[in-house]
Amino acid sequence: MISRRDTFRLTAAAILAPSFARAAEPVAGFTLPKLPYAFDALEPNIDAQTMEIHHDKHHQGYVNNLNAALKDNPAWLAKTPTEVIANLGEVPEAIRMAVRNNGGGHWNHSFFWQIMAPAGKTGAMSADLKSAIDASFGDVEKFKAAFKTAGMKRFGSGWAWLVKGKDKPLAVLSSPNQDNPIMDGAPAPILGVDVWEHAYYLKYKNLRNAYLDAWWNTINWDAVSANFAAK
């Protein structure tokens, strides 16, 4: 026989259990993607300490701030990073700049990690991509010079990008802060480099040009070629 006290205890447990289950459910939001290689995998071109701080601190900060900005807007937390930065005009005005900065930071860095690779795993530029580069810039070396110029001329912090062109197959441009061509209605970039000081200052100090020269040794041409093929 079950006593009245046991009956009350079991009934109360049944009532309370669903509320405890709901409270344990994870809150929707964006998460930091894992690096596809070790922190020291891009040595000597990008040092391990820079990679660790860049990924675990800076990128994590963008993710945390984006989740905080959208905490009262669960529908936006359920979107992809691309959907967020492609539709900034629909984000509530009070949080739009925070979402632009941190959503851009999250997308840009997630992209950045994927277009780099350790030595021996960088693959090769596809014939189609090379043909487009030759048609747009003259040859690969001229493309690299134009890309470096875009990175060097970006005043302060920002990014240089290789994108689908209008008059030619490809074009090079740069954007400030954590802005991204997607924010202007353009397709996703094909290649991009972070020229914020946190991307290079520990190793290269104020020599952004040296960082940009070394960075070419890290390019994952298989990934970049796949990005081009998807356009």
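This is a predicted model: local features need pLDDT of at least 70, side-chain atom pairs count only at pLDDT 80 or more; totals for chains, interfaces and linings use all residues.

Residues are numbered from 1 along each chain as its sequence is written, and side-chain values use heavy atoms, with hydrogens and water left out.

**Helices that pack together**

- Helices (H or I, at least four residues) and strands (E, at least two) are DSSP runs, numbered from the N terminus.
- Let's start with α2 and α5, whose axes come within 8 Å and cross at roughly 145°. Axes here are lines fitted to C-alpha atoms, for helices over the stretch in contact, and angles run from 0 to 180 degrees between N-to-C directions.
- The α2 and α5 crossing is left-handed (the near helix is turned anticlockwise from the far one by less than a right angle; clockwise would be right-handed).
- Residues of α2 in this contact (heavy atoms within 4.5 Å) include H54, H55, H59 and Y62, and on the α5 side H106 and H109 are among them.
- By class, that contact has 10 nonpolar, 12 polar and no charged residues. Ala, Val, Leu, Ile, Met, Phe, Trp, Tyr, Cys and Pro count as nonpolar, Asp, Glu, Lys and Arg as charged, and the others, Gly among them, as polar.
- Now try α7 (residues 140–153) and α9 (residues 208–215): their axes are 10 Å apart, at an angle of about 145°.
- The crossing of α7 and α9 is right-handed.
- F147, K148, G151 and M152 of α7 touch R208, N209, L212, D213 and W215 of α9, which by class gives four nonpolar, two polar and three charged residues.

**Zooming in on H109**

- You'll find H109 in helix α5 (residues 93–114).
- H109 is buried, with a relative accessible area of 0% (buried means under 20%, exposed over 50% and partly exposed in between, using a 1.4 Å probe and protein chains only).
- Leaving aside neighbours within four places in sequence, H109 is in contact with H54, H59, Y62, W159, Q178, D194 and H198.
- G192 is 83 residues away from H109 along the chain, yet their C-alpha atoms are separated by 9.5 Å.

- Most residues other than glycine have a negative phi, and most peptide bonds are trans.
- A cis peptide bond, with omega about 0°, joins E43 and P44; P44 is in the loop between α1 (4–24) and α2 (48–69).
- N177 isn't a glycine, but has a positive phi near 55°. It is in the loop between β2 and β3 (191–194) and is partly exposed, at 39% relative accessible area.
- K205, also not a glycine, has a positive phi near 55°. K205 lies in the loop between α8 (201–204) and α9 and is partly exposed, at 43% relative accessible area.

**The largest pocket**

- The largest pocket holds about 270 Å³ of space.
- Of the 15 residues that line this pocket, V163, L173, P181, D184 and A186 are the closest to its centre.
- On a 1 Å grid over the protein atoms alone, a pocket is an open set of points with protein on both sides within 12 Å along at least five of seven lines, and lining residues have an atom within 4 Å of a point. Grid points are joined across faces, edges and corners, and a volume is the space filled by probe spheres set on the points.
- β1 (158–164) and β2 (170–176) each supply at least two lining residues, and β2 gives the largest share, four residues.
- By class, the lining has six nonpolar, four polar and five charged residues.

Conventions:
On a 1 Å grid over the protein atoms alone, a cavity is a set of points where a 1.4 Å probe fits but cannot get out, and a pocket is an open set with protein on both sides within 12 Å along at least five of seven lines; lining residues have an atom within 4 Å of a point.
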